[in-house]
Each structure stands twice: as structure tokens, then as C-alpha cells.
Amino acid sequence: RKREQAQLRDERTASADGVHFDISANIGSPKDLDAVVASGAEGIGLFRTEFLFIDSDHLPTEDEQFESYKAALQALKGKPVTVRTMDIGGDKQLSYWKLPKEANPFLGYRAIRISLKQDNIFRTQLRALLRASVYGDLWIMFPMIATLQEFRAAKKIYEEERSKLIEAGTKISDHIKLGIMVEIPASAVLADKFAKEVDFFSIGTNDLIQYTMAADRGNDSVSYLYQPYNPSILRLVHNVIDAAHHEGKFVAMCGEMAGDPIAVPILAGLGLDEFSMSASSVLPTRSLIKHLKVSDLKTLAKSALDQDSNQQVIDLVKASTK
Ligand code: PEP
Ligand code: MG
């Protein structure tokens with residue numbers, strides 16, 4: 001298997017019956033780029049930009065951010081790079097910028113909620129991204145979107161910064177894609193509405209599972225409820241993929257589930273377009289998909305949606321892919 005994986009490094013991901021998928025990598029900073037290039041990933045599916053903020057002792061300037069985004073786009077040589085605007089709050093706090101203490105930080109002031117309220121920081125990040133866009137294929141996504149109004153407000157700010165830069169004579173790519181993370185059940189349920197307005201979705205299962213099961217993703221006492229294959233989660237994912245495809249839109253997944261060997265056959269059967277994961281999982285996942293037929297996986301996925309429990313889905317996948 002190891003030798004096969006080395007050969008797969010320069011191959012496009014495809015199933016045994018010739019269906020293509022994209023397998024991309026998640027990064028937190030330009031330091032991770034060498035591993036991504038070495039992995040043969042078909043792109044970056046999630047650049048968690050909050051680490052530029054967390055690993056610094058000051059708010060990163062526009063130029064500092066520009067250099068990081070440019071480095072990622074150049075390293076990927078025209079392959080898609082999906083950058084998520086900063087997802088501060090929840091468990092991710094900054095030393096130099098104190099946010100209010102909250103009783104429920106995961107249900108509180110975080111991510112796009114901060115960006116829309118303290119929009120100067122958001123605007124700085126968007127300008128850095130827009131300026132870097134000429135160096136590759138840039139996709140921008142907003143984290144923790146719960147409502148259409150939030151997406152529209154974020155897009156409006158993006159358009160304003162874009163217009164200002166163009167007026168000032170700055171060169172900007174004209175094919176930047178704008179999407180959202182689907183990680184709150186509200187947006188997964190309303191995916192048909194969102195699909196008409198976004199360019200793409202990226203499903204963030206780490207949070208989507210936490211919010212759907214009402215079980216803190218870091219709390220051991222309730223970890224038994226953290227069930228990626230629970231049919232409730234699979235049905236939400238199914239709804240998001242179908243809604244996107246109905247509008248001809250692209251669907252990625254960038255939560256841990258995207259690189260999980262039990263989940264991958266189901267997700268491929270549901271028609272997920274892109275799987276984004278840690279660089280070390282890229283080749284094992286490409287190899288797994290190469291040995292599976294999508295025609296079989298469609299039947300498997302359909303049956304998974306109809307199970308009663310997380311465990312039944314695990315048993316089903318193990319029985320049908322061994
Ligand atoms: C997710 O929620 O699945 C995700 C990819 O984002 P993060 O893990 O950074 O919250
Ligand atoms: Mg998340």
C-alpha cells in the first residue's frame with residue numbers, strides 16, 4: 001500500500017469506476033505548505049487564518065496577511081486555495097485582544113459574528129486576500145454562517161473593499177469564489193436557499209456534529225454523543241450536497257470526517273466533490289477511493305441514511321467495503 005500511495009502522489013483522485021474527486025489539505029499557516037505540496041493534494045480546502053492571529057503578539061497587519069496568502073497561492077501553483085476568514089472566539093482566544101467573557105463561548109460572539117460587528121479587522125483581512133488573489137486560484141469562505149442575512153452582509157463588505165481597491169488601480173483576480181462553511185444546523189437545513197447565493201459550500205463537521213448533537217466537541221463526559229455517522233448528521237450532509245448540486249454548486253467538507261475511512265465511502269456515495277483533511281491523510285484517502293466503485297457507494301450511502309444509529313452505520317460500512 002505504501003508504494004501504491006507514492007505512485008498516487010501525482011495522480012488525480014478517482015474511484016475504481018472512474019469518478020473524480022478532489023482531495024485537499026487543511027493548513028493553519030504557511031509553515032504547513034511544504035507538507036501539502038509533498039502530499040500531492042489537489043488543493044487547500046481550508047486555510048484556518050485565525051492561527052495567523054493566534055501565533056502573533058499583535059493583530060496581523062494587511063501586509064503581513066498578504067504575504068501569508070500570497071505564499072499559499074504561489075505554493076499551490078494554480079490549484080484552488082480556500083481561505084477561511086478568521087474564526088476567533090469559542091475555544092480560540094487572543095492574548096492581545098480580549099473578548100468579553102461569556103457563559104457559553106461556543107454559542108457566543110465568534111467568527112463571522114465578530115467580523116460583521118468589528119468590521120475593520122474583517123476589511124483588513126479581505127483587502128489582503130483580494131490583493132493576493134492574482135497569485136493563484138482563491139476561494140474565500142466565511143465561518144459560522146447561521147443566516148442568509150449574515151452571508152449577504154459579509155458579501156457586501158467584501159464587494160465594498162473590492163470596489164475600493166479596483167478604483168485605486170490594484171490588480172485583483174476576476175474569478176475569486178465566495179462561499180460559506182456549513183457548520184451550524186440552521187444553514188445545513190436551509191442549504192437550498194444558500195445554494196442560490198453562494199459559489200460553494202464547505203461542510204465543517206467538527207462544529208456541525210457538536211451543534212446538532214448539542215455535545216461540546218472537547219468534553220469527554222459527553223463524547224459518546226459525538227457521533228459523525230449518526231444518520232441525523234448524514235441526512236444533513238445529504239441535504240447540503242443535494243441542495244448545492246441542484247444549483248450546480250460545489251460542495252467540500254473540511255471537518256475531520258472528510259478524512260475518516262468509515263465516512264469517506266458514504267460521502268463519496270452521497271456525491272461530495274472535495275474532501276479536505278490533514279496532509280498526512282491525503283494519499284491514504286486517495287488510495288481508499290481508488291479501490292471503491294461509486295456505483296456501489298451510492299447504494300451504501302442510501303442504506304446508511306436509513307439506519308437507526310451511529311453504530312449500525314459503522315457495521316454497515318465495514319461489512320460492505322471489506
Ligand atoms: C469544523 O468545524 O469542522 C471546521 C473545519 O472548523 P474548525 O475545526 O476550525 O472549527
Ligand atoms: Mg468550525
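1. In this predicted model, strand S4 (residues 137-142) and strand S5 run parallel and are joined by 4 bridges. One residue pair can be picked out: Trp139 has Lys177 as its bridge partner in S5. As background for the reader, the strands of a sheet pair through hydrogen bonds of the backbone, and the pairing is either parallel or antiparallel.

2. A barrel is closed by 8 strands, in the order S1-S2-S3-S4-S5-S6-S7-S8, with parallel pairing. From one strand to the next, the twist averages 25°.

3. Helix H13 (residues 282-290) lies across strand S1 (22-27) and strand S8 (274-277). Relative to S1, H13 runs at about 160°.

4. What follows strand S5 in the chain deserves attention. Glu183 is placed in the loop between strand S5 (177-182) and helix H8 (185-189). Is Glu183 buried or exposed? A residue counts as buried if 20 or more other C-beta atoms lie within 10 Å of its own. Glu183 has 26 other C-beta atoms within 10 Å, and is therefore buried. Leaving aside neighbours within four places in sequence, the contacts of Glu183 are Met144, Gly204, Asp207 and Leu208.

5. Asp207, one of those contacts of Glu183, lies in helix H10 (residues 205-213). The burial criterion applies here as well: Asp207 is buried because 22 other C-beta atoms lie within 10 Å.

6. An unreviewed UniProt entry places the feature "binding site" at Glu183 and Asp207. These positions are spread over 25 residues of sequence, yet they cluster in space, with a largest C-alpha distance of 5.3 Å.

7. Which residues are around ligand 1? They are Leu46, Arg48, Asp87, Glu183, Gly204, Thr205, Asn206, Asp207, Cys254 and Gly255. H10 gives the most, with 3 residues. Both positions of the UniProt "binding site" feature, Glu183 and Asp207, are among the residues around ligand 1.

8. The composition of the shell around ligand 1 may be stated by class. There are 2 nonpolar, 4 polar and 4 charged residues. Glu183 and Asp207 are among the residues of this shell, and each is buried, Glu183 with 26 other C-beta atoms within 10 Å and Asp207 with 22.

Technical notes. Residues are numbered from 1 along each chain as its sequence is written. Chains are lettered from A and ligands numbered from 1 in the order in which they are written. This is a predicted model: local features need pLDDT of at least 70, side-chain atom pairs count only at pLDDT 80 or more; totals for chains, interfaces and linings use all residues. UniProt positions are given in the numbering used here, feature names are shortened, and annotations may be inferred rather than shown by experiment. Helices (H or I, at least four residues) and strands (E, at least two) are DSSP runs, numbered from the N terminus. A residue is buried if 20 or more other C-beta atoms lie within 10 Å of its own, exposed if 12 or fewer, and partly exposed in between; C-beta atoms are placed from the backbone. Two residues are in contact if their C-beta atoms, placed from the backbone, lie within 7 Å. A residue is near a molecule or strand if its C-beta atom, placed from the backbone, lies within 6 Å of it. Ala, Val, Leu, Ile, Met, Phe, Trp, Tyr, Cys and Pro count as nonpolar, Asp, Glu, Lys and Arg as charged, and the others, Gly among them, as polar. Two strands pair if DSSP finds at least two bridges between them. Axes are lines fitted to C-alpha atoms, for helices over the stretch in contact, and angles run from 0 to 180 degrees between N-to-C directions.
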